Amino acid sequence: MALIGLGVTGGIGAYKAVEIVRGLQQQGHDVVAIMTANAARFVGPLTFEAITGQQVVTDQFASGTNTGIAHISLATDLDVLLVAPATANILGKFANGIADDVLSSLYLATSAPVMVAPAMNTQMLAHDAVRENIARLEKRGVHFIDPGEGYLACGWGGKGRLAEPDDVVLATVQLLNGGGSLLGRCVLVTAGPTLEDFDPVRFLGNRSTGRMGYAIVEEALVRGARVVLVTGPTAVKPPHGAEVIQVRSAKEMHDAVTSRVCRDKSPVDIVVMAAAVADYTPADGPQTSKIYRDGEELVLKLLPTVDILAELGVWRGGRTVPILVGFAAETGDAVGRAREKLRRKAVDFVVANDVSLPGAGFAGDTNIATLVSRNEMKEVPLSSKRALARVIFDQIERCLGSPSTAKEAGTST
Ligand code: CTP
């Protein structure tokens, strides 16, 4: 468990910092809030005190808070200093060594890594003064989380809003796990559905939302891996920090995956195929013009798609790298079918789940699964998709840890 100093400065995004506290706590960390005077005009310090369970640091000279000098004792205790939202003003102070309040003093006094999530008006963000300050801080090793784009509180549209709290939490936890167990490893994850177009307005799809795959991406990032996410179209935002390759059809997913994995000196050590890849696609490809209703029966001829995972299994042959993990979303006898897939696709293990069980379907945040490998079976009772992702990576790390794999994985990067 780490101690995270959360610097909150005076922007409308200050209210989102409350959600960031929650997210960090859910990852098992303690948070102490350091608020500038302007931040306290947006959100009351009491809110942060109640949610962090810690005294909020607002004034470095306040009577009663200086039995240990707050910005000095905090500076040595912190594991990370996170500033979210960070205004143009605080960036200017950090960049120029101005220490006229508790947060800017803390920045100078701490040797903890610093993560900054700027939030401001689009024009301010684009101004040379701000850009130069950011560049200067980056050169000094400060980490940045890019602001998001969209409608800003000032009425403008464009880049400048505070990054989503989930993304801020993830980036911070990643920074904390700088020496994570998958540091130096590259993980390729597929997620979401594939859509098979059969005319310019219609497609065959499935109910996958990508949530399970995205939870796997988050866990890999938190463990320090480099992550390539190949995702089908979904409404859910991919986690911050992965290289994201958007695809639509099974063919596009196949090409994106195999071009990265099936080549000499591929950097990919682990492939997790969480995508619900279409098994069939229209035989004649998408028609160029719309199919009109003529009252007659319509027969759509479908051809099987290439099984990506099975192709990876064949390509890997007798080697043990990359680790291959498949999913089996079934309705009934998930484990039996997973065993069959384990053999047929020559993978290390299959995550089997019965999507007809309550709590294990596509759209929710939970799952129930069994990890089926050649020699063992591990049941994971109803848990969050993120918790299941942790179990999956514990298993992957066991596979990586086997002596032959460790040796081979070392030479593949
Ligand atoms: N998969 C794949 N390529 C496909 C279809 C599936 O790589 N064209 C992967 C999925 O991402 C998943 C695993 O294979 O990891 C199992 O997918 P599933 O569709 O359940 O398996 P199938 O082999 O198609 O078997 P079934 O007959 O049960 O549909």
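User: Where is His29 placed?

Analyst: This is a predicted model, in which local features need pLDDT of at least 70 and side-chain atom pairs count only at pLDDT 80 or more, while totals for chains, interfaces and linings use all residues. Residues are numbered from 1 along each chain as its sequence is written, and side-chain values use heavy atoms, with hydrogens and water left out. Helices (H or I, at least four residues) and strands (E, at least two) are DSSP runs, numbered from the N terminus. On that numbering, His29 is in the loop between H1 and strand E2 (30-35).

User: Is His29 buried or exposed?

Analyst: Buried means under 20% relative accessible area, exposed means over 50%, and partly exposed lies in between, with a 1.4 Å probe and protein chains only. The relative accessible area of His29 is 11%, so this residue is buried.

User: Which backbone nitrogen does the side chain of His29 reach?

Analyst: Contact means heavy atoms within 4.5 Å; leaving aside neighbours within four places in sequence, His29 is in contact with Met1, Ala2, Ile4, Leu24, Val173 and Leu176. A polar contact is a pair of N or O atoms within 3.5 Å; within protein, one must be able to donate a hydrogen and the other to accept it, and residues adjacent in sequence count only if both atoms are side-chain atoms. At 3.1 Å, the side chain of His29 reaches the backbone nitrogen of Ala2.

User: How are H1 and H9 oriented to each other?

Analyst: Axes are lines fitted to C-alpha atoms, for helices over the stretch in contact, and angles run from 0 to 180 degrees between N-to-C directions. The axes of H1 (residues 16-26) and H9 (residues 165-176) come within 9 Å and cross at roughly 45°. Angles under 35 degrees count as roughly parallel, over 145 as roughly antiparallel, 65 to 115 as roughly perpendicular and the rest as oblique. H1 and H9 are therefore oblique.

User: How many residues in the contact of H1 with H9 are nonpolar?

Analyst: H1 contributes Lys16, Glu19, Ile20, Gly23 and Leu24, and H9 contributes Pro165, Val168, Val169, Thr172 and Val173. Ala, Val, Leu, Ile, Met, Phe, Trp, Tyr, Cys and Pro count as nonpolar, Asp, Glu, Lys and Arg as charged, and the others, Gly among them, as polar. The contact has 2 charged and 2 polar residues, and its nonpolar residues number 6.

User: What is the angle at which H1 and H3 pack?

Analyst: Ala17, Val18, Val21, Arg22 and Gln25 of H1 meet Thr47, Phe48, Ile51 and Thr52 of H3. These residues divide into 5 nonpolar, 3 polar and 1 charged. The two helices are roughly parallel, with axes 10 Å apart and a packing angle of about 10°.

User: Is Leu46 buried or exposed?

Analyst: Leu46 belongs to helix H3 (residues 45-52). Its relative accessibility is 64%, so Leu46 counts as exposed.

User: How many of the 8 residues of helix H6 are buried?

Analyst: Those buried in H6 are Val102, Leu103, Ser104, Ser105, Leu106 and Tyr107. H6 (residues 102-109) is largely enclosed by the rest of the structure, because its buried residues number 6.

User: What percentage of the 413 residues of the protein chain count as buried?

Analyst: The chain has 15 helices and 19 strands, and its C-alpha atoms fill a box of roughly 80 × 60 × 45 Å along the principal axes. Of its 413 residues, the buried share is 50%.
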